[in-house]
Structures are given as structure tokens and as C-alpha cells.
Amino acid sequence: MNQASGNRVVFSVVGQDQKGIIAKVTAILADNDVNILDISQTIMQGFFTMVMVVDITDYIGDIESLSMQFRHLEEEMGLKIRLQHEDIFNFMHRI
Amino acid sequence: MTLALQEIMETIRMVEMENLDIRTVTMGINLKDCAHPDVNIFKENIYQKITTKAANLKEVADKIQSEIGIPIINRRISITPIANVGIKYSPADYVEIAKTLDQAAKLLGIDFIGGFSALVHKGMTQDEQNLINSLPEALTVTERVCSSISVATTKAGINMDAIELVGRVIVEAAHASAHINSLACAKLVVFCNAPEDNPFMAGAFHGEGEPDVVINVGVSGPGVVLHALKRYPEADLGEVANVIKKTAFKITRAGELVGRLAAERLNAPFGIIDLSLAPTNATGDSVAEILEEIGVEVCGAPGTTAALALMNDAVKKGGSMATSHAGGLSGAFIPVSEDNGMIAAVEAGALSLSKLEAMTCVCSVGLDMIAVPGNTSPATIAGVIADEAAIGMINKKTTAVRIIPVAGKAAGEMVEFGGLLGRAPIMEVSNFSSQKLVSRGGRIPAPIQALTN
């Protein structure tokens, strides 16, 4: 059950569609040694919505500190970025 | 096993738009090994034990919250009912003990500490009586200490002597805390069939059968249920129950994950998940609005009790599938001051004290956060408590009363408590007397339902 048992994190980005969101987000992920396992992006009710599953095994730090790396970008581009351990989704949607 | 985008977005929507949260991670702590005839040593013992065992509670809950992205609103502690560990303490000693508990809660950054309690459903010891008599002052001078008094069980019957005393103490507590809108009474709940593992306040305490330390989790989520139902406006009642079950399942799973993580990291066994729908004053996070979505014009209209019965049962069915250990109160709460829909229903004249009493027959608790006129007599409050206790005793369920006779206020006025406790309209209470019943004293015998062996 420990976080160490899995290092997959669901990374979601919601905000006004604009140029460069994916480029800037993925650049920060790459700089922090985070590997993208899955990525899907769509426009939902006018909002840019991107959901990625990422692996943070090689990242030095925890989910909280990684999410702090995105605070500046959130403000700059008016985005809502959240990182959630994948267990919460597995628990809520899988028996 | 891959996650579908739709499932991920559903969880995010529940948190962002529908107020999904975990209401509380509550650590139960046994204080029996702290007993000492010298009250100063006892205070030192409980302070040490609580601040050691729960040293990391806040930090662990904060961390889990940020990892899974679901808010955990409160961190709480429940303790052995203090009157059970008391050794000939005076009411003044109990006030000092309450202050010690308050200090421990503040040091730890804990929202509430419950268990300043006495279990007197069959009779009172001198210690228990002293604790009850200390409540007006103890609950006024402390901020985070919560108290509960067990006055009845199905097995023991109803202790009317205790109810008579508690009725007087509630009125005294209202006066003692008149300067803070009689807030002391909002931290005191009177139980029939009190659960020993309830993580919710004000009624949480660490029961006799519990281990030294335990983690219990209370979920929430009326907003999530309400939004789910809004997507099926034409569904028949069987389908309505199904929608609630599915939603309750998901909410409870989130609680189960939090409970397992918290227990592991705090080095304590995981006790139970309390499957309760606990409303807040946030828009849409209302049990009353769920009942209105099911089909009554305003909460309190005929049919409300039926809708509540359906909802309460569906929450339990869905939730019990989602956790290996359900416990506590497990059902729906109908606190008036903490639910904007309930407040609106009272203000519209649709919801009365009598209707709320009927609703408590099918919900998880009872008359919760009810503000009544400040001049309500102790005997009338005792009568209200006795009625609730009778419902619980006969139906073998938990019932409770958290009633606030707000000093200086009359029916129709509003009172603000702040925070999770919300605000409440002062409700009308019957003017006819219950004095003779209350003054008779003694016990109402345990019902035939108690003879199950």
C-alpha cells in the first residue's frame, strides 16, 4: 500500500486552450526525470483537458514536491494542474 | 489494468465540482493506562500519551491528501470516555482535564478531540455525575473538546435520571457560553445506543472493546450523490437507489484507501469506515437537496421520510460493498445547521422539529444541530432527548440529540456557529410541559427487543 509499491501518478491539466501547453508541461516533466507512460488530450466543453499517466520512479522527491514545480506554470497560463497517485483511481473504479 | 479517461475525469469532477472529500481521519486512543488518583499526574499522563501517539496524525493526513488529490477536511482524536478512567475527580478537576485535552489538540493541530464522555445508560457513578456537572464550564472554556453522554441502550433501557440531569446541564451550558451563541451545546451530544468506533464529532469516543490505538475514517459526499442523481431525472425509485449505491461505493473506496494508508503510516490498526453522508454548508453539499432531487418539493414535505429511508439504505448497501469494515454511525446525517437545504426548508416553514424526529427513525443519527429558543426549559429538553432515546431503543439503532437552546434568541431568529458547525434558524418547540414525566425519575425498562438470547 505504500507509495513505494507503485510510482505511477495521474497528471491532469485543465484550462483555456492555448499554444504551448503540452510543450511547457512536458519540458518540466523531462527536467525532473519523470517518464510519460500514457497521454491523452481533448477539448471538453471548451476547455483544454489533458490526462497523462507518468512514472516518477527516477524523480527525486514526492508527489507534493513535484506538483510544486508546476505552480508557476499554472499561474502563467491559467491552468489547473493536479497530480494524484493512481491508486485513488484504481480504488474508486476497480473492484 | 489501464484507467479510462472517463474514470479519471469522473474522480476529478467529483473533487473539483461536487465537494468530494474525506470528512475525517480519526485516531482512537485508549487512555485507561493513564489512570491516576492525583489529577495532576493524570493530566500529565494523558497529555503525554495523546501527543506521542498522535504526533504525526496531522502530517500524515496532509501528505495523503496531497498524494491522492482528495481533501481530508478534519484530523481528529477520540479517547476513552474520560469518566471511565476518572478516579474520584471533582467537577473542577474535570474542567482542568478538558483544558489539558484542548491544549493537546492545539499542539497537534487537531480539529477536535472527542471522548470527554460518560456512559450512564444504566446508572451513574459519582465520577460520571461530576463530569456531567463540569460540562457547562468545560465546554465553554475549551475550543476543541467534544463530549457525549450515553443515556440509553436497547439492552439497558432509558436512564431518565441521567436525561433529567443532562437537560439541566444543556441549559446551563447554553447560559455559560451565551457570549459565543451557546456554542458549548454544539460540542455535546446525547446518545442512545452509542457506537464505540464513531469517527464523527461531537459523538466520537474510543470504546471499551477497542485496541490501544486505532484509525477510523469518516467519508462524506452528499454533493457527489446529488450530482449523480441530477443526471437521471426520469429514473424510477429502483434506479435512483442504484445510482446512490454506485456513488456511495466510489466515495467509500476513497475512504478505504485513505484509511489503509493512514493506518500503515501511523503504525495503528485500521478500524472502520463510517459510511456517512455528512453535509456541509458548501453549495450543493446537502442531504436535503438530495431528498428534493428524489422528489419532494421542499425537505419536510410528506414523502421526505420515505425518500430519506431509500437514500440511507442505498448508501449503506453501496458503501458496505466497498470496505471490509463498516462501522460507526454509517448512514446519512441530517444536521440542520450544517446543511443549507435543511436551513432553507426550516425557513420556508416546511421542516419542523416533529418532522425531523420522524426522519430520525430512518437516518443514521438523530436530532442534530437543532437550535431552539433560549428560554426552552430543562424538562422540555429532557423530553426531546427521551423521545429520541425511545426511537433508538425500540428500533435497535443509534439516535442522538445535539440541541442548542441559544441564549437570548427566540424562534425565527438565526444563529451563527461558524466553520463546519454552520448557522441555524431557531426552531419552534412545543410549549406543553414534559415536567411530570421527567420528574418521575428512574429507568424506562429495556424493551422486549432486548431479550434476544
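**Close-up views of chain B**

**View 1. Helix 2 of chain B against helix 5 of chain B.** The axes of helix 2 (residues 39-53) and helix 5 (residues 91-108) of chain B come within 10 Å and cross at roughly 20°; axes are lines fitted to C-alpha atoms over the stretch in contact, with angles from 0 to 180 degrees between N-to-C directions. Helix 2 of chain B is therefore roughly parallel to helix 5 of chain B (angles under 35 degrees count as roughly parallel). Helices are DSSP runs (H or I, at least four residues) and strands likewise (E, at least two), numbered from the N terminus.

This is a predicted model, in which local features need pLDDT of at least 70 and side-chain atom pairs count only at pLDDT 80 or more, while totals for chains, interfaces and linings use all residues. Residues are numbered from 1 along each chain as its sequence is written, and chains are lettered from A and ligands numbered from 1 in the order in which they are written.

**View 2. Residues where helix 2 meets helix 5 in chain B.** B:V39, B:K43, B:I46, B:Y47, B:I50 and B:T51 of helix 2 meet residues of helix 5 including B:D93, B:I97, B:A104 and B:L108 (contact: C-beta atoms, placed from the backbone, within 7 Å).

**View 3. The side of chain B that touches chain A.** Here 20 residues of chain B are in contact with 21 residues of chain A. Helix 1 (5-17), helix 3 (57-68) and helix 9 (237-265) of chain B each supply at least two residues of this side. Helix 9 of chain B gives the largest share, eight residues.

**View 4. Chain B as a whole.** Chain B has 15 helices and 14 strands. Its C-alpha atoms fill a box of roughly 60 × 50 × 50 Å along the principal axes.

Note on methods: Parallel < 35°, antiparallel > 145°, perpendicular 65-115°, else oblique. Contact = placed C-beta atoms within 7 Å.
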